Amino acid sequence: MRPYVLSGHTRPLTQVKYNREGDLLFSCSKDNVPTLWFTENGERVGTYDGHTGTVWTLDPDRDSAFLITGGADMTCKVWRVQTGELFASLNRSGPVRSAEWAEGSKMFACASDPFRGKPAEVAIYAFTPDRDQMSEEPMYCWNIDSLANDKKITKVTWTPLNEFIVTGDECGIIRIHDPETGRVVREIREHTIRIMCMEWNKEKTMLITGAADCLSLL
């Protein structure tokens with residue numbers, strides 16, 4: 001198989017993600033310009049212009065109609081994938097480190113860093129493709145009592161059927177939460193330092209984690 005070199009970003013990459021069908025690839029980096037590529041030939045389709053700092057995270061919805069991004073400018077943004085139009089810009093209390101659509105794409109979660117004395121937070125927004133009906137205020141917003149005020153939530157993801165939210169943090173702790181209240185249902189302490197990534201298999205029956213302790217756990 002001949003590899004394609006996707007040249008477009010000018011600073012280090014922070015995340016890459018395929019859409020559900022695998023024909024599109026989304027990437028973001030410290031150059032503040034999320035980018036869309038065709039996977040078939042590596043062609044750069046376009047960019048999503050609007051962030052003013054590093055873009056840490058992105059996630060396309062199930063139908064590849066909308067894209068969420070989060071960055072150091074303390075916003076979580078929603079874009080129309082096809083046109084690159086900015087659909088909504090949601091202000092958070094700190095830089096947005098991780099964001100992910102829930103199953104069904106009717107809501108999404110984002111995690112923001114501690115900033116100016118405020119702890120790391122997880123916010124959950126309801127989503128509708130009708131901009132006039134979408135609120136800029138989160139449905140739920142909570143922090144983790146057992147997480148030190150200066151520690152970051154590095155990853156956030158939904159369990160099957162949106163029953164729980166899973167977070168990973170700088171201390172290597174994985175927590176399973178009630179999405180509405182943030183109540184910790186379970187803590188998993190297998191990593192010893194910063195969680196770098198968390199990804200499900202296609203059926204969402206298994207979760208793989210990677211951390212700065214040089215371990216990947218399934």
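Modeller: Gladly! Let's begin with Arg 116, which sits in the loop joining strand S10 (107–112) to strand S11 (121–126). Please keep in mind that this is a predicted model.

Biologist: Is Arg 116 buried or exposed?

Modeller: The general idea is that a residue counts as exposed when its relative accessible area is over 50%. Arg 116 has 77%, so it is exposed. Its backbone deserves a look too: phi of Arg 116 is near 50 degrees, a positive value in a residue other than glycine.

Biologist: Where does Met 74 lie?

Modeller: Met 74 is in the loop between strand S6 (66–71) and strand S7 (75–80). Phi of Met 74 is near 65 degrees, which is again a positive value in a residue other than glycine. Its relative accessibility is 25%, so Met 74 counts as partly exposed.

Biologist: Now a residue within a strand, please. Which strand holds Thr 167?

Modeller: Thr 167 belongs to strand S14, which covers residues 165–169.

Biologist: And why does Thr 167 count as buried?

Modeller: Buried means under 20% relative accessible area. Thr 167 is buried because its value is 1%.

Biologist: What does Thr 167 touch?

Modeller: Leaving aside residues up to four places away in sequence, the residues it touches include Val 122, Ile 144, Ile 153, Val 156 and Met 198. His 177 is also one of them, and the side chains of Thr 167 and His 177 make a polar contact at 2.8 Å.

Biologist: Let's turn to sheets. In what order do strands S17, S18 and S19 come?

Modeller: These 3 strands form an open sheet in the order S17-S18-S19, with antiparallel pairing.

Biologist: How many bridges link S18 and S19?

Modeller: S18 and S19 are paired over 2 bridges, in the antiparallel sense. To find your way there, look for Gly 210, which stands opposite Ser 216 in S19.

Biologist: Which residues form a nonpolar patch on the surface?

Modeller: That patch consists of Met 206, Ile 208 and Leu 218, and together they have about 300 Å² of accessible area. With 38% relative accessibility, Ile 208 counts as partly exposed.

Definitions and conventions
Residues are numbered from 1 along each chain as its sequence is written. This is a predicted model: local features need pLDDT of at least 70, side-chain atom pairs count only at pLDDT 80 or more; totals for chains, interfaces and linings use all residues. Side-chain values use heavy atoms; hydrogens and water are left out. Patches are made of residues with over 30% relative accessible area and no salt bridge: like charges are joined within 9 Å, nonpolar side chains (Val, Leu, Ile, Met, Phe, Trp, Tyr) within 5 Å. Accessible areas come from the Shrake-Rupley method with a 1.4 Å probe; for residues, only the protein chains shown count as cover. A salt bridge is a side-chain nitrogen of Lys or Arg within 4 Å of a carboxyl oxygen of Asp or Glu. Buried means under 20% relative accessible area, exposed over 50%, partly exposed in between (1.4 Å probe, protein chains only). Helices (H or I, at least four residues) and strands (E, at least two) are DSSP runs, numbered from the N terminus. A polar contact is a pair of N or O atoms within 3.5 Å; within protein, one must be able to donate a hydrogen and the other to accept it, and residues adjacent in sequence count only if both atoms are side-chain atoms. Contact means heavy atoms within 4.5 Å. Two strands pair if DSSP finds at least two bridges between them.
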